[in-house]
Amino acid sequence: MNNKQLDYTNITISEATAMQKELQNSLVHSPLEQEIKTIAGADISLNRFSDIIYAGIVTLDFNTLKPLAYSLVKSKTSFPYVPGFLAFREVPALVEAFLQMTVKPDVIMVDGHGIAHPRRLGIAAHLGALINIPTLGCAKKKLYGNFEEPSAVKYSFSPLKHKEELLGYVLRTKNYVKPVYISPGNHLSIEDSLHIAMHCIGTYRLPEPTRKAHEFVNLFRTGQLKEGFFQLTTNDTLF
DNA sequence: GCGACAG
DNA sequence: ATCTTGTCGC
């Protein structure tokens, strides 16, 4: 990864598309070999009509799903929101937050899609192509593909496909609540992404990594947390 | 031309 | 993404 790949100022949709096709070629979707001890959630928050982005990555213990550390970065985005090109708007800030971490997570769950994307390079795959850490996407809405509604019972799922190609899974994380869309980003298989997401389901609709990341970046945006990398102590009282 | 369209 | 209050009941 170099800085050129992170400066998305003044690039056109056509150039962005070409960049996606190139990055897509570098993806690896072999099954994860290493044991997962920590998993992080990555998300951004911003004020309406503002181009100031509050990005954050929150690391959790994979077994207890409790926060262990977090990295927060404030930066200005240089790309508008265009469906299919979300990464060009949010990834630079997420990479900054990642580089700031002195202790890296084993896997990162990103708020958005992985390969469930028109060119198989959603934000989770894009981020995973830039950093050398396995990533998966967890989106709240479908961007691409077709699926049958999974049953209303928690943990039920159904394949998300484009024609005959499997892209990921639609997963019910809570009874009678809208499902989430899971797909691998980089360095993970499609099945890995589903299993990891299922493991991270707690009491709420969003899996814990994504839910915590969302919570932390909002506290950051509203001035209740400060920029930087912090490791939580057992003595830390959160809220 | 028409519908779909992550955050 | 963010802004918002109440309402419904698997």
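This is a predicted model: local features need pLDDT of at least 70, side-chain atom pairs count only at pLDDT 80 or more; totals for chains, interfaces and linings use all residues.
User: How many helices and strands does chain A have, and what makes a run count as one?

Analyst: There are 5 helices and 9 strands in chain A. Both are DSSP runs numbered from the N terminus: helices are H or I with at least four residues, strands are E with at least two. Along the sequence the pattern of chain A is α-β-β-β-α-β-α-β-β-β-β-α-α-β.

User: Why is chain A called as compact as a globular protein of its length?

Analyst: The globule rule is 2.2 Å times the number of residues to the power 0.38, and the radius of gyration is taken over C-alpha atoms. For 239 residues the rule gives 18 Å; chain A has 17 Å, which is close, so chain A is as compact as a globular protein of that length.

User: How do you know that the length of helix α5 agrees with its number of residues?

Analyst: The expected span is 1.5 Å times one less than the number of residues. For the 14 residues of α5 (residues 208-221) that gives 20 Å, and the end C-alpha atoms are 20 Å apart, so the two agree.

User: Why is I131 called buried?

Analyst: Buried means under 20% relative accessible area, exposed over 50%, partly exposed in between (1.4 Å probe, protein chains only). I131 has 6% relative accessibility, so I131 counts as buried. I131 lies in the loop between α3 (123-130) and β5. Leaving out residues up to four places away in sequence, I131 touches F98 and I108, where contact means heavy atoms within 4.5 Å.

User: What makes α5 mostly covered, and what covers its buried residues?

Analyst: Of the 14 residues of α5, 10 are buried, among them F216, V217, L219 and F220. The cover includes β1 (38-45), β2 (52-61), β3 (67-76), β4 (107-111) and β5 (135-139). Just after α5, G223 takes a positive phi of about 75°.

Methods:
Residues are numbered from 1 along each chain as its sequence is written. Chains are lettered from A and ligands numbered from 1 in the order in which they are written. Side-chain values use heavy atoms; hydrogens and water are left out.
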